[in-house]
Amino acid sequence: MDISRWVFLILILIFVSFTPIPIFSDSQLSSGELPEIPGKFLDFAKKSEVFDWMMGVRRRIHENPELGYEELETSKLIREELDNLGIQYKYPFANTGIVGFIGSGKPPFVAIRADMDALPMQEMVDWEHKSRNPGKMHACGHDAHVAMLLGAAKILLEHQNILKGTVALVFQPAEEGGGGAKKMIDAGALENVEAIFGLHVHPNFPLGKVCSRPGPFLAGSGFFEAVISGRGGHAAIPQHSIDPILAASNVIVSLQHLVSREADPLDSQVVTVAKFQGGGAFNVIPDSVTIGGTFRAFSKESFLQLRQRIEEVIVGQAAVQRCNATVDFLTNNKPFFPPTVNDINLHKHFQRVAGDMLGNDHVKDMEPLMGSEDFAFYQEVIPGYFYMLGMQGETNENPASVHSPYFKINEAALPFGAALQASLAIRYLLEAQPQVPSSSINGHDEL
């Protein structure tokens with residue numbers, strides 16, 4: 001055989017070696033093949049080239065944290081990665097948000113979501129990729145959420161031959177109090193979408209395990225701030241003053257009675273006053289005092305009742321002490337978050353898919369949490385499902401909680417989140433039937 005034929009054969013072997021072979025070569029999967037998808041997706045996500053890419057994306061985002069509605073560079077990075085993958089997208093939604101599309105552009109549609117914003121705090125973890133923006137830090141894992149969603153996109157793109165319908169990739173700004181989900185909805189980000197899945201990393205739950213629950217999962221939340229006004233004066237002659245500090249103290253004690261005396265003990269609620277500002281001298285009664293805090297409940301009815309009673313108690317108790325009070329619920333900057341309520345049918349879907357990937361003993365139910373998530377806005381308009389992804393490694397180290405300046409991501413969790421999000425989406429499309437005739441739905445023909 002002459003040398004030219006040897007060269008030809010070598011080139012053929014190189015081409016075959018580096019050409020990705022789809023895990024499922026037949027686009028028509030049998031029902032028996034569906035349970036194999038999550039495990040094979042996880043194997044794909046763990047490949048060094050995929051894992052290293054996700055890790056690199058996550059670290060670049062971590063180095064440059066941006067606050068809600070200011071995620072300009074983060075959004076640019078995401079769009080560049082989508083361009084590199086050849087994924088079509090629409091931009092902007094809610095200032096910096098992006099929605100990408102993988103699939104036919106026709107129904108059924110399902111969405112998977114990641115939040116992008118950081119927190120206004122100084123990172124205290126010293127490592128190579130520490131935040132370079134003073135006073136800003138990814139202390140809630142949103143950098144990892146974005147990397148996982150891009151990883152899920154890469155997985156889905158690699159297996160488009162079995163994709164039936166369309167997956168929407170929702171990259172959302174301003175989860176940390178800004179209500180970015182609501183603005184994404186108002187801007188049309190969920191057009192045609194039938195269901196949506198979201199996740200959050202959990203530092204105290206073991207790596208390779210997930211947890212959630214059907215029904216109420218996270219509480220609805222709101223904030224309040226009240227200014228209680230009296231008449232200032234010398235502390236030695238209080239009879240000539242109207243003391244707002246005394247009035248505010250009575251208000252705080254009375255607010256605690258809303259939960260202990262007015263709420264059903266089986267209906268969990270919280271009212272916490274975490275801010276008290278008034279006066280600056282030991283011997284001067286101030287003219288006014290400002291207090292503020294948060295309130296939580298698991299049902300919308302209880303939440304609205306709590307809101308009404310907070311205002312009534314503050315104004316009424318201040319009046320008892322001859323003071324005036326104004327109450328601001330700060331909805332312009334911190335909109336009320338509704339309770340996060342997981343759809344029961346999507347819970348069953350989650351259990352099946354996560355069980356196929358991780359084993360049923362690694363899929364846990366958990367008690368409701370009083371934390372809140374603006375993913376709940378999506379669940380108010382379409383069925384949605386939110387779950388926790390474990391990332392605690394096998395060390396003796398006690399991991400820092402979210403919103404701590406010492407919070408760290410275990411990057412070994414990235415393949416699990418990417419593969420599970422991709423699996424939840426593709427299995428939903430393969431198992432679901434369009435609920436509306438295609439002729440009545442606006443497709444995404446740009447795909």
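This is a predicted model: local features need pLDDT of at least 70, side-chain atom pairs count only at pLDDT 80 or more; totals for chains, interfaces and linings use all residues.
Residues are numbered from 1 along each chain as its sequence is written, and side-chain values use heavy atoms, with hydrogens and water left out.

The secondary structure consists of 11 helices and 16 strands (DSSP runs numbered from the N terminus, helices being H or I of at least four residues and strands E of at least two). Of the 447 residues in the protein, 49% are buried (buried means under 20% relative accessible area, exposed over 50% and partly exposed in between, with a 1.4 Å probe and protein chains only). The protein exposes about 20,400 Å², of which carbon and sulfur atoms supply 53% (Shrake-Rupley method, 1.4 Å probe). Among contacts (heavy atoms within 4.5 Å) between residues at least 6 apart in sequence, 81% join residues at least 24 apart.

The average pLDDT (the predictor's confidence in each residue, from 0 to 100) is 92, and 90% of the residues score at least 70. Residues 12-21 stay under 50, and the model has one contact for them beyond four places in sequence. The pLDDT is also below 50 over residues 433-440, a stretch with seven contacts beyond near neighbours in sequence.

The volume of the largest cavity is about 40 Å³ (the space filled by probe spheres set on the points, which are joined across faces, edges and corners). Its lining comprises Arg-113, Ala-114, His-145, Met-148, Leu-149, Leu-199 and Gln-421. Strand E3 (109-115) and helix H5 (142-158) each supply at least two of the lining residues, and H5 gives the most, with three. By type, the lining holds four nonpolar residues, two polar and one charged (Ala, Val, Leu, Ile, Met, Phe, Trp, Tyr, Cys and Pro count as nonpolar, Asp, Glu, Lys and Arg as charged, and the others, Gly among them, as polar).

Ser-401 is partly exposed, with a relative accessible area of 42%. Leaving aside residues up to four places away in sequence, Ser-401 touches Pro-203 and Phe-407. Pro-203 is 198 residues from Ser-401 along the chain, yet their C-alpha atoms are separated by 6.4 Å.

Terms used: On a 1 Å grid over the protein atoms alone, a cavity is a set of points where a 1.4 Å probe fits but cannot get out, and a pocket is an open set with protein on both sides within 12 Å along at least five of seven lines; lining residues have an atom within 4 Å of a point.
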